[in-house]
Amino acid sequence: MAISTTLETLADTSLLRASGRLDGSTSPQLEKNLLPLLAEPGSKVLLDLAELDYVSSAGLRIILMAAKRAKQAGGRFVLCGLQPQVSEVFEMSGFTRILELAASVDEGRGRLAG
Amino acid sequence: MVGDGAVTTSDDKVLEYRLNSDLAAIAGLAEAVTAFLAQTPRIAMQVNLCLDELLTNTILHGFAGASGHEIAVSLKLAGDWLEIVISDDAPAFDPFTEVAPPDLDAELDDRIPGGLGVHFVRSLMDDYRLVREDGRNRILLRKNLPV
């Protein structure tokens, strides 16, 4: 059980897809792959979690760091495709209120184009 | 070296599992718990989240990230509830009194990481406490099951 990530570039948006399990042992890998995408001022990043089966607080820590970094750098960070069990963890954390969430990659791209 | 895996028992109401104090060992426990609670997948997911959070705290803080310590986890189906015990030989630590609760209403700029794992346990379990016994931490959890 692990995590894997793939990166695509769509016009001015980076689309990172994460699949598998995001926990204390795999969160360093997401940190390494996600945070550099937000380094440039004004960066737009879409994180697709449709294939992510599990998230713990260790994973939420990286997502919080990414959202803060995007805001500080005048960028945008949108998450999409949360499975119900992942969404439940986001809700318990109060993260659905402070993060930008979309149902699908298409909806997320629409948000970032706006 | 401590191995990971379920301890064989003849009782299908009990899961006894031993794991090494290594974050990478938690996924194997999660698979065993998912199989043990196959009739109630949503509860299995909630139990796995709580076990992951408490074990991650124990491994990173109790053992300072050092592998080689054995942690024992047991799940027991008893009527309409599930009893869980996590036992380790780390220094005494009570996550239910010593971890500050997160501010769930903070805005993004003010939100600080930390405290969420214990918050999940408080939210998802019906009872939770730490007992210090024979130089070991024993975390006792209880989850009511749907009738």
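In chain B, residues 24 or more positions apart account for 56% of the contacts that have a separation of 6 or more. The model from which this value was computed is a predicted one. The secondary structure of chain B consists of four helices and six strands, and these elements follow one another from the N terminus in the order β-β-α-α-β-β-α-α-β-β. The radius of gyration of chain B is 15 Å, close to the 15 Å that the globule rule gives for 147 residues, and chain B is therefore as compact as a globular protein of that length. The C-alpha trace of chain B spans about 50 × 40 × 25 Å along its principal axes, and 47% of the 147 residues of this chain count as buried.

For chain A, an unreviewed UniProt entry carries the annotation "domain: STAS", which covers residues 3-112. Within the model, the C-alpha atoms at the ends of residues 3-112 of chain A lie 25 Å apart, and the span is 41% helix and 35% strand.

Several positions in chain A were examined individually. The C-alpha atoms of Asp12(A) and Val45(A), which are 33 residues apart along the chain, are separated by 8.9 Å.

Ser43(A) occupies the loop between helix H1 (27-34) and strand E3 (44-55) of chain A, where Ser43(A) is buried, with a relative accessible area of 11%. The side chain of Ser43(A) reaches the backbone oxygen of Glu40(A) at 2.5 Å. When residues up to four places away in sequence are not counted, Ser43(A) touches Leu37(A), Leu38(A), Gly75(A) and Arg76(A).

Asp48(A) is placed in strand E3 of chain A and is buried, with a relative accessible area of 7%. The side chains of Asp48(A) and Arg17(A) are joined by a polar contact of 2.9 Å.

Over all chains, the structure holds two aromatic pairs. In chain A, the rings of Phe90(A) and Phe95(A) have their centres 6.3 Å apart and their planes at 80°, so the pair is edge-to-face, this class being assigned to planes over 60 degrees apart. Phe90(A) counts as buried at 0% relative accessibility, and Phe95(A) is likewise buried, with a relative accessible area of 2%. In chain B, the rings of Phe96(B) and Tyr128(B) have their centres 5.0 Å apart and their planes at 40°, so this pair is tilted. Phe96(B) lies in helix H3 (residues 95-98) of chain B and Tyr128(B) in strand E5 (residues 127-133) of chain B, so the pair ties together parts that are 32 residues apart in sequence. Phe96(B) counts as buried at 10% relative accessibility, whereas Tyr128(B), at 26%, counts as partly exposed.

Arginine side chains are also placed over aromatic rings in the model. The charged end of Arg21(A) sits over the ring of Tyr54(A), 4.2 Å from the ring centre, and Arg142(B) lies over the face of Trp81(B), at 3.9 Å from the ring centre.

Val99(B) is located in the loop between H3 and helix H4 (116-124) of chain B, and at 22% relative accessibility Val99(B) counts as partly exposed. Apart from neighbours within four places in sequence, Val99(B) is in contact with Phe93(B), Gly115(B) and Val118(B). The C-alpha atoms of Val99(B) and Val118(B), 19 residues apart along the chain, are separated by 7.4 Å.

Methods. Residues are numbered from 1 along each chain as its sequence is written. Chains are lettered from A and ligands numbered from 1 in the order in which they are written. This is a predicted model: local features need pLDDT of at least 70, side-chain atom pairs count only at pLDDT 80 or more; totals for chains, interfaces and linings use all residues. Side-chain values use heavy atoms; hydrogens and water are left out. Rings of Phe, Tyr and Trp (its six-membered ring) pair if their centres lie within 6.5 Å; planes under 30 degrees apart count as stacked, over 60 as edge-to-face and the rest as tilted. Buried means under 20% relative accessible area, exposed over 50%, partly exposed in between (1.4 Å probe, protein chains only). Helices (H or I, at least four residues) and strands (E, at least two) are DSSP runs, numbered from the N terminus. A charge sits over a ring if NZ of Lys or CZ of Arg is within 6 Å of the ring centre and within 35 degrees of the ring normal. UniProt positions are given in the numbering used here, feature names are shortened, and annotations may be inferred rather than shown by experiment. A polar contact is a pair of N or O atoms within 3.5 Å; within protein, one must be able to donate a hydrogen and the other to accept it, and residues adjacent in sequence count only if both atoms are side-chain atoms. Contact means heavy atoms within 4.5 Å. The radius of gyration is taken over C-alpha atoms; the globule rule is 2.2 Å times the number of residues to the power 0.38.
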